[in-house]
Amino acid sequence: MNMLILLFGEFFKIALFTIGGGLAMIPVIENTFVKKRKVLKESDIVDMVGITQIVPGLIAINSACFVGHRLAGWKGALAATIGVILPSMIIITVIAALFPLENLSNLHLLRAFQSIRACVLGLFIFLAYRIGKKVFRSYIDIPLGIFLFCLLFSGMSSIWIIVLCCGFGGLYETYIRVKIMEKKK
Amino acid sequence: MIAMGLFLQFMKYGLLCFGGGYMIIPLLYADLVQKTSMLSPESYGNLLAVSQMTPGAVSVNTATYVGFMQDGLFGAVAATVGLCVPTFILCVMVLSFLNFYKNKPWVIGFFKWIKWAAFIMILSAIILFAQISILDLSEGVKNIKINPVEFGIMVMAICLARKVPFTILLILSACIGWGVSYL
């Protein structure tokens, strides 16, 4: 029981004081559970980052699930997940209630928001560069990227592009493995 | 009833956002702005900016905001829980069975290729944000202008993203925008 309260409390604090989403939380989680509380090892954090890549969903929730599951089974995962979403819900509910998005008429505020959007755009370009470095490995990847991008522009739903990528990847890898097996024979 | 719809809608997003929450951006854009035109592109951008600036996971913030706008507190809870439920269930399942599936070829292929989807999704988020920040589309598609101030802020954000915490960048750019509006 104590462990559940600890998980809930720690993740509540982490979510409350980390700005910038799940990626920004990983070092804070490491600091809290490895260095301060000493309940996880450094290698657990490596596994945690691996899980965030494998399971669909938000990095923050994945990380919370992982730490909770390691320390106290599925109940721990639940406690940590609730802890990590509760601060967001409280803060955003207050903001949404006080600050209706559609009725912005203040010129200065509009301009400030436009600048913030430009800044977010900069962050996305930076992110795309980082992901792109992992994605483009050989020259074959360039026409492939252009093809997928054209699919997006032709009005294909993003959902189908995600399904297409994953489905094709799975089939392709299975096919290659089968070929290798046959050659060995 | 709206809350139930929100719950299912966000469950779908929760299943689809691999490798982090920003994958939700084009999905939510298609549903909120293009299909139902509940929000204008600018308001959607503001919503995402607010989600970035407030503490916590960015897409949890977005889900709460969208839910609250549609159905008050009920909607906020329904959307957020809906977003988290698939992740939670899958995560607990994967943690229990991971060692068995880790080396299956279709699993390996799946995760090799998911990077492509992530890359394309972030590109579409870039196009979306370019339209509502640095590009001036007020005079039609043929006469696109680039807002110099916003363009400068974007370049600054790209250059400093590695070194400066993102919150500081956001506050800085808000101040620049606020200041420029008085000129």
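## Helix H3 of chain B

In this predicted model, helix H3 of chain B covers residues 41-53, which makes 13 residues. From its first C-alpha to its last the helix reaches 19 Å, close to the 18 Å expected at 1.5 Å a residue.

## Contact between chains A and B

The two chains meet through 79 residues of chain A and 87 residues of chain B. On the side of chain A that touches chain B, the elements giving two or more residues are helices H1 (2-17), H2 (22-36), H3 (42-54), H4 (59-98), H5 (107-135), H6 (141-153) and H7 (158-184) of chain A. Of these, H5(A) gives the most, with 24 residues.

By residue class, this side of chain A divides into 52 nonpolar, 21 polar and 6 charged residues.

## Domains

The domain assignment of chain A gives domain 1 (2-98) and domain 2 (107-184). Taken over C-alpha atoms, the centres of domain 1 and domain 2 of chain A are separated by 27 Å.

For chain B, the assignment gives domain 1 (2-132) and domain 2 (147-183). The centres of domain 1 and domain 2 of chain B, again taken over C-alpha atoms, are separated by 26 Å.

Technical notes: Residues are numbered from 1 along each chain as its sequence is written. Chains are lettered from A and ligands numbered from 1 in the order in which they are written. This is a predicted model: local features need pLDDT of at least 70, side-chain atom pairs count only at pLDDT 80 or more; totals for chains, interfaces and linings use all residues. Two residues are in contact if their C-beta atoms, placed from the backbone, lie within 7 Å. Helices (H or I, at least four residues) and strands (E, at least two) are DSSP runs, numbered from the N terminus. Ala, Val, Leu, Ile, Met, Phe, Trp, Tyr, Cys and Pro count as nonpolar, Asp, Glu, Lys and Arg as charged, and the others, Gly among them, as polar. The expected span of a helix is 1.5 Å times one less than its number of residues. Domain bounds come from an automatic or database domain assignment.
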